[in-house]
Amino acid sequence: MRLYLGAMSVLFLAGALWLFVRRWLIAANGINVEGRVIAHEIRSSDDSTFYLPVVVFTDRQGAEHRFTAVAGGAEPRPSVGATVTVRYLPHHPNRAVIVSFLHMWAAPLAMLALGAGALVGYLKG
């Protein structure tokens, strides 16, 4: 069990670092534009259903891009037709996120918490 916790702590902490760097690059170097929610992608697992916003935006060169947000919820929010702020990297518009705490920072922080918990279990083991 101790070996498992050690391995999980390394994986989760490395994943948290990777996600944090990706989000930080977007936060530091990205461009904000207005996007519009055009649909929700439905993902189900066991007893849960999640709705991920599908967003379309136009970059500064006039090209239209579409992406599915990395986070969602039990309700389809924001609603179809709603405008959202999108941040994307100028040379990689496919790396776009909705500007919010949930979409930018929740996943890296969750992975950090899981990694820290596994590390504590490993060290106490």
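## Local features of a predicted model

Asp46 is exposed, with a relative accessible area of 84%. The model is predicted. Asp46 sits in the loop between β1 (31–45) and β2 (48–58). Its backbone has a positive phi of about 50 degrees, although Asp46 is not a glycine. Most residues other than glycine have a negative phi, and most peptide bonds are trans. Pro78 belongs to the loop between β3 (64–68) and β4 (83–89).

Next comes the charged pairing. Side chains of opposite charge can pair when their charged atoms come close. In this model the count of salt bridges comes to one. The partners are Arg43 and Glu41, whose side chains meet with an N to O distance of 2.7 Å. Arg43 counts as partly exposed because its relative accessibility, 45%, falls between the 20% and 50% limits. Glu41 is likewise partly exposed, at 27% relative accessibility.

Which elements cover the buried residues of helix α1? The cover includes β4, β5 (92–98), α2 and α3. The buried residues themselves are Gly6, Ser9, Gly15, Ala16, Leu19, Arg23 and Ile26. Helix α1 runs over residues 2–29, and its 28 residues should span 40 Å at 1.5 Å a residue. The end C-alpha atoms of α1 are 40 Å apart, which agrees with that expectation.

Is His103 buried or exposed? His103 is buried, because its relative accessibility of 7% is under the 20% limit. This residue is placed in helix α2 (residues 101–104). Its side chain makes a polar contact of 2.8 Å with the side chain of Ser100. Leaving aside residues up to four places away in sequence, His103 touches Arg23, Ala69, Val70, Ala71 and Ile98. Of these, Arg23 is one of the buried residues of α1.

Arg95 is found in strand β5 and is partly exposed at 33% relative accessibility. With residues up to four places away in sequence not counted, Arg95 touches Arg22, Ile26, Arg87, Tyr88 and Leu89. Ile26 is among the buried residues of α1. Arg95 and Gly30 lie 65 residues apart in sequence, while their C-alpha atoms are 9.3 Å apart in space.

Helix α3 covers residues 106–124 and holds Ala110. Ala110 is partly exposed, with a relative accessible area of 40%. Its C-alpha atom is separated by 9.1 Å from that of Phe12, at a distance of 98 residues along the chain.

A nonpolar surface patch of about 550 Å² is made by Leu13, Phe101, Leu109, Leu112, Leu119 and Leu123. How many of the patch residues come from α3? Four do, and this is the largest share. Leu112, which is part of the patch, lies in α3 and counts as partly exposed at 42% relative accessibility.

The table lists relative accessibility for several of the residues described above.

| Residue | Relative accessibility | Class |
|---|---|---|
| Asp46 | 84% | exposed |
| Arg43 | 45% | partly exposed |
| Leu112 | 42% | partly exposed |
| Ala110 | 40% | partly exposed |
| Arg95 | 33% | partly exposed |
| Glu41 | 27% | partly exposed |
| His103 | 7% | buried |

Definitions and conventions
Residues are numbered from 1 along each chain as its sequence is written. This is a predicted model: local features need pLDDT of at least 70, side-chain atom pairs count only at pLDDT 80 or more; totals for chains, interfaces and linings use all residues. Side-chain values use heavy atoms; hydrogens and water are left out. A salt bridge is a side-chain nitrogen of Lys or Arg within 4 Å of a carboxyl oxygen of Asp or Glu. Buried means under 20% relative accessible area, exposed over 50%, partly exposed in between (1.4 Å probe, protein chains only). Helices (H or I, at least four residues) and strands (E, at least two) are DSSP runs, numbered from the N terminus. A polar contact is a pair of N or O atoms within 3.5 Å; within protein, one must be able to donate a hydrogen and the other to accept it, and residues adjacent in sequence count only if both atoms are side-chain atoms. Contact means heavy atoms within 4.5 Å. Patches are made of residues with over 30% relative accessible area and no salt bridge: like charges are joined within 9 Å, nonpolar side chains (Val, Leu, Ile, Met, Phe, Trp, Tyr) within 5 Å. Accessible areas come from the Shrake-Rupley method with a 1.4 Å probe; for residues, only the protein chains shown count as cover. The expected span of a helix is 1.5 Å times one less than its number of residues.
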